[in-house]
Amino acid sequence: MSRKTILVVDDEKSQREILEMILSGEGYDVTTASSGEAAIKFAKDRRFDLALTDLKMTGMDGIELLQHLLGLDSSLIVILLTAHGSIESAKEALRRGAFEYLEKPYDKTVLLETINRALKKLDELDSEIVSASPKMESVKRMILKVARSSSTVLIRGESGTGKELVARAIHNQ
């Protein structure tokens, strides 16, 4: 199963339209939101594989939105985009669970490579762990998050539920 659903959040209409045009042209199913609040409504109603959000927006900023989105689905892949980049904001975004942090103006190739890298890892997991359950899709995305960290992981479950598969997938990632 190929990953295709992306939520784009930016308070600037032109930025949303550009991202939607680029991503739709690559075959992604794109939903756009003009604010963090609108993005949260979409995320409650629909499952996304990845979210692209601006850092500086009126109302809710990108870091706050990141926290809300991860609160709804802790395994969601979030990439932050900003024209007001700083080392501190990048470290903060990554510390709070962002997959990547890109500065505007971003290079189209770099943006697409970053998205492809994130979604390709999920596609690789599909060959290791076969499932159709939304809960298992969430587990797969969580595997990517913990694999990037240096945390110790405890995998619990009943006999025969695939704990060894999950452990192997974390190790392989």
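The largest nonpolar core of this predicted model holds 28 residues. A nonpolar core is a set of buried Ala, Val, Leu, Ile, Met, Phe, Trp, Tyr and Cys residues joined through side-chain atoms within 4.5 Å. Buried means under 20% relative accessible area, exposed means over 50%, and partly exposed lies in between (1.4 Å probe, protein chains only). Ile-6, Leu-23, Leu-50, Leu-52, Leu-111 and Ile-115 touch the most other members of the core. Two or more residues each come from strand E1 (5-9), helix H1 (13-25), strand E3 (50-54), strand E4 (77-82), helix H5 (108-128), helix H6 (134-147) and helix H7 (163-172). Here helices (H or I, at least four residues) and strands (E, at least two) are DSSP runs, numbered from the N terminus. H5 gives the most to this core, with seven residues. In soluble globular proteins, nonpolar side chains tend to be buried together.

Residues up to four places away in sequence are set aside, and contact means heavy atoms within 4.5 Å. On this count Leu-52 touches Ile-6, Leu-7, Val-8, Val-9, Leu-19, Leu-23, Ile-79, Leu-81, Leu-111 and Ile-115. Another core, of 22 residues, lies apart from the largest one. Leu-7, Ile-40, Phe-48 and Ile-63 are among its members.

Residues are numbered from 1 along each chain as its sequence is written. Local features need pLDDT of at least 70, side-chain atom pairs count only at pLDDT 80 or more, totals for chains, interfaces and linings use all residues, and side-chain values use heavy atoms, with hydrogens and water left out.

Helix H5 has 21 residues. The expected span of a helix is 1.5 Å times one less than its number of residues. The buried residues of H5 are Leu-111, Leu-112, Thr-114, Ile-115, Ala-118, Leu-119, Leu-122, Leu-125 and Asp-126. They cover an arc of only 165° around the axis, so they lie on the same side of H5. The arc is that of the directions from the helix axis to the C-beta atoms. The face turned away from this buried side carries the exposed residues Glu-113, Lys-120 and Ser-127. At the start of H5, a side-chain oxygen of Asp-107 comes to within 3.1 Å of the backbone nitrogen of Thr-109.

Helix H2 (residues 36-45) buries Gly-36, Ala-39 and Ile-40. Their arc is only 100° around the axis, which puts them on the same side of H2. Lys-41 and Asp-45 are exposed on the other side. The cover over the buried residues of H2 includes E1, strand E2 (29-33) and helix H3 (62-72).

In H3, the buried residues are Gly-62, Ile-63, Leu-65, Leu-66, Leu-69 and Leu-70. They span an arc of only 155° around the axis, which places them on the same side of H3. These residues pack against E1, H2, E3, E4, helix H4 (87-95) and H6. Asp-61 caps the N-terminal end of H3, with a side-chain oxygen 3.3 Å from the backbone nitrogen of Ile-63.

Charged side chains were examined next. A salt bridge is a side-chain nitrogen of Lys or Arg within 4 Å of a carboxyl oxygen of Asp or Glu. By this rule there are 10 salt bridges. Side chains of opposite charge can pair when their charged atoms come close.

Lys-13 forms a salt bridge with Glu-17, and the closest N and O atoms are 3.7 Å apart. Both residues lie in H1, four residues apart, about one turn of the helix. Lys-13 counts as exposed because its relative accessibility is 55%. Glu-17 is partly exposed, at 42%.

Glu-164 and Arg-168 form another salt bridge, with the closest N and O atoms 2.7 Å apart. They are four residues apart in H7, so about one helical turn separates them. Glu-164 is exposed, with a relative accessible area of 58%. Arg-168, at 40%, is partly exposed.

Glu-100 and Arg-117 meet in a salt bridge (3.1 Å, N to O). This pair links distant parts of the chain. Glu-100 is in strand E5 (residues 100-103) and Arg-117 is in H5, 17 residues apart. Glu-100 is partly exposed at 21% relative accessible area, and Arg-117 is partly exposed at 38%. Finally, Asp-10, Asp-54 and Lys-104 are linked in a network of salt bridges.

Notes. Polar contact = N/O pair within 3.5 Å; in protein donor to acceptor, adjacent residues only side chain to side chain.
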